[in-house]
Amino acid sequence: MAKQETGLARTARLLDLVPYLTTHQGIAISELAKTFNTTVKEITDDLNTLWMCGLPGYTPLELIDLEFESGFVSIRNAETLAAPRALDRAEALSIYMGLDLLSAEFGDSKSSLVSEIEKLQEQLRSQLISTPQVQIEATLASEQRALILRSIRRRGWLEITYHSAATDQVSRRQVAPYELSQSGSHEYLQGYCDSAKAVRNFRADRIVEVTEIADQLWPSNHDSTNQDAIEYQVKIHQASRQVLEVLPQLSPGVSTATLVGFSAPWIYRAILSLAGQVETTGPSQIRDAIHARAKAALENYH
Amino acid sequence: MSRKNERLVNLTIALLATKRYLTKNEIFRNIEGYEGSAEAKERMFERDKDDLRKLGIQIEVGGLDPLFDDEAGYRIRPESYALSLRDLTATQVTLLSLAAQAWQDAAFTDLSQQALRKLTSIGLDSDSAQLPILAPRLIGADENLRTALDALTSLTTIEFDYLNIQGVAQKRQLQIYGVQARQSHWYLIGLDLEKNAIRNFRVDRIQGAVSMIGKAQSYVIPETFEIAELETATETPFAILRVRPGAGYQLRRLATKLETADDWDLLEVPIFDLDFMTSLVLWHGEDVIVSSPIQLRSAVVSALEKLVKIHG
């Protein structure tokens, strides 16, 4: 499917406008433009084109009857095109996968919805030439997501149980959530953390539990970005996929680099996990801390 | 351009409305927009047919009367043209729109919005009373996943450069059978043509763009193929780890057995990948000791020795 406006995308829009208008009689042109993700001028051109279309003969009896001078659109005599077009395979697959995610999020808590989803997927499978295998894992359970979103809207506080990979601690924190956002391939909850007294990002898939704290609203003012950046220098002894993935700030092919981290324990653990493929050359506190940790771990084996 | 769009819409209407096959001559005579020499009309019609097919509209070709007239005729069956999801309940419509809204990444918005418009054209109100208002998201879906899904729906082989474990990009050819979103990553699963075996590939490890090669419908997905079976198919070895109480949260989540004690807890953790397990143990520093197997133990010990040496 074309991504920019090609002639064919326009034809598709013309065909899809008819069923949409049939069930949305009297819709404002401006709203129609928004729904179809285009401009009022384009939609008006479309309506002018459709107005010339119809069954062979092309007398007023056969032509699509459109009324839109008032800025609101009504359509008649368009029965032939009135049914919404079938989903194409890519569309059907995208919906199929979306349903899979919903099903994973609902889990056992909403089994009646899960069985509705299965029925829909069954119907969609018939539109795909062969059954693709799809398996989607949810990052948050649906109740957790609903709680977080509600809390963001009403500016409430949450208590989250969170596993921090850097400290390897599961902790409870009180958080005033701002948003759920995505960065790279992860979803994050961003909010003001009362334990850290600063804004923190929490990886959604590491949130173990969420509860709402009743009747408590956000603090009115606080320091919003108080994350202390730590600069450290590395030397790459052995380049590998793992090195690039653990330290995504590295460009492929470099042998030394200065990186920025936000937590000293995270830096120690990341460098340890890279098993000597990467050396920390500075600052000396970090280098020494890594040395001490590796040595202590090694002593476990003596 | 608008003349051509008009002609395509008129052609669609006429082919949908007809109860029998329309011949080319009937089409040229009756449908507005076919002008010029016989040859020009012919070319125009061929292009129009192609265009409608590209939009996913199936044009059926059939004979008028096979005994007397071999001239082909054309029609579009309303049942193939129209959305086949019928008799939907309000709840189902809501579920479908939530599913469409799950795609938030740029590479997919046109696709999901178009699907959503078709669904809302059914004219049924959705019922969101018992459903979440905001859709969960499928994240990290980029152009490469989009191409892969197009290849999956059309059964076209794909080719891409893939970062191997040494961090070197290698060309791979894949007949894709399925996709998986697991632990925040997208995976493509299918037949690796060079290895002639089922392999999975993490989408963010693909370098550059995925391209489709060869023709559509060039393979079939074996009916016996199941992603779920793939994971448990191989015998997984286990590691026995000693872990400090209160530490090793991630290892505890993976553990299949756990015995608690005062100084060290004993964990049995499946080793899906030795390198991954080595890194995970190292991540925990002095809070974890490997008891067995010996391969994991020596991998950890030699990594620690190297770390001590280079940081000394």
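Figure 1. Chain A and chain B bury about 10,400 Å² between them, 63% of it on carbon and sulfur atoms. Buried area is the accessible area (1.4 Å probe) that two parts lose on being put together, summed over both. Gln133(A), Arg241(A) and Tyr301(A) supply 9% of the area that chain A buries against chain B, more than any other three residues. The contact (heavy atoms within 4.5 Å) takes 116 residues from chain A and 124 residues from chain B. This is a predicted model: local features need pLDDT of at least 70, side-chain atom pairs count only at pLDDT 80 or more, and totals for chains, interfaces and linings use all residues. Residues are numbered from 1 along each chain as its sequence is written, chains are lettered from A and ligands numbered from 1 in the order in which they are written, and side-chain values use heavy atoms, with hydrogens and water left out.

Figure 2. Lys118(B) pairs with Glu91(A), and their closest N and O atoms are 2.8 Å apart. A salt bridge here is a side-chain nitrogen of Lys or Arg within 4 Å of a carboxyl oxygen of Asp or Glu. Between chain A and chain B, 24 residue pairs are in polar contact, both at pLDDT 80 or more. A polar contact is a pair of N or O atoms within 3.5 Å; within protein, one must be able to donate a hydrogen and the other to accept it, and residues adjacent in sequence count only if both atoms are side-chain atoms. On the side of chain A that touches chain B, helix 4 (residues 89-106) of chain A gives the largest share, 13 residues. The residues of that side divide into 58 nonpolar, 35 polar and 23 charged. Ala, Val, Leu, Ile, Met, Phe, Trp, Tyr, Cys and Pro count as nonpolar, Asp, Glu, Lys and Arg as charged, and the others, Gly among them, as polar.

**Figure 3. Strands paired across the two chains.** Strand 4 (residues 133-136) of chain A runs parallel to strand 5 (residues 169-182) of chain B, joined by four bridges. Two strands pair if DSSP finds at least two bridges between them. Helices (H or I, at least four residues) and strands (E, at least two) are DSSP runs, numbered from the N terminus. Gln135(A) stands opposite Gln180(B), and Ile136(A) has Ala181(B) as its bridge partner.

**Figure 4. Strand 5 of chain B and its partners within the chain.** Strand 4 (residues 157-163) of chain B runs antiparallel to strand 5 of chain B, with six bridges. Glu159(B) is partnered by Gln173(B). These two strands form a hairpin with five residues between them, and Gly167(B) in the turn has a positive phi of about 85 degrees. Strand 5 of chain B also pairs with strand 6 (residues 185-192) of chain B, antiparallel over eight bridges. There, Arg182(B) stands opposite His185(B).

**Figure 5. A four-stranded sheet in chain B.** The sheet is open, in the order 10-11-9-12, with antiparallel pairing. Strand 10 (257-259) and strand 12 (288-292) of chain B each have a single partner strand, so one side of each is left without a neighbour in the sheet. Neighbouring strands are turned by 25 degrees against each other on average, direction ignored. Strand 9 (residues 238-243) and strand 12 of chain B pair over four bridges, and Val243(B) has Val288(B) as its bridge partner. Helix 11 (residues 294-310) of chain B packs on the sheet, touching strand 9 and strand 12; its direction makes about 145 degrees with that of strand 12. Axes are lines fitted to C-alpha atoms, for helices over the stretch in contact, and angles run from 0 to 180 degrees between N-to-C directions.

Figure 6. Arg145(A) forms a salt bridge with Glu187(A), the closest N and O atoms being 3.1 Å apart. The pair links distant parts of the chain, 42 residues apart: Arg145(A) lies in helix 6 (residues 142-153) and Glu187(A) in strand 7 (residues 186-193) of chain A. Strand 7 of chain A runs antiparallel to strand 8 (residues 198-203) of chain A, joined by six bridges. Gly191(A) has Arg200(A) as its bridge partner.
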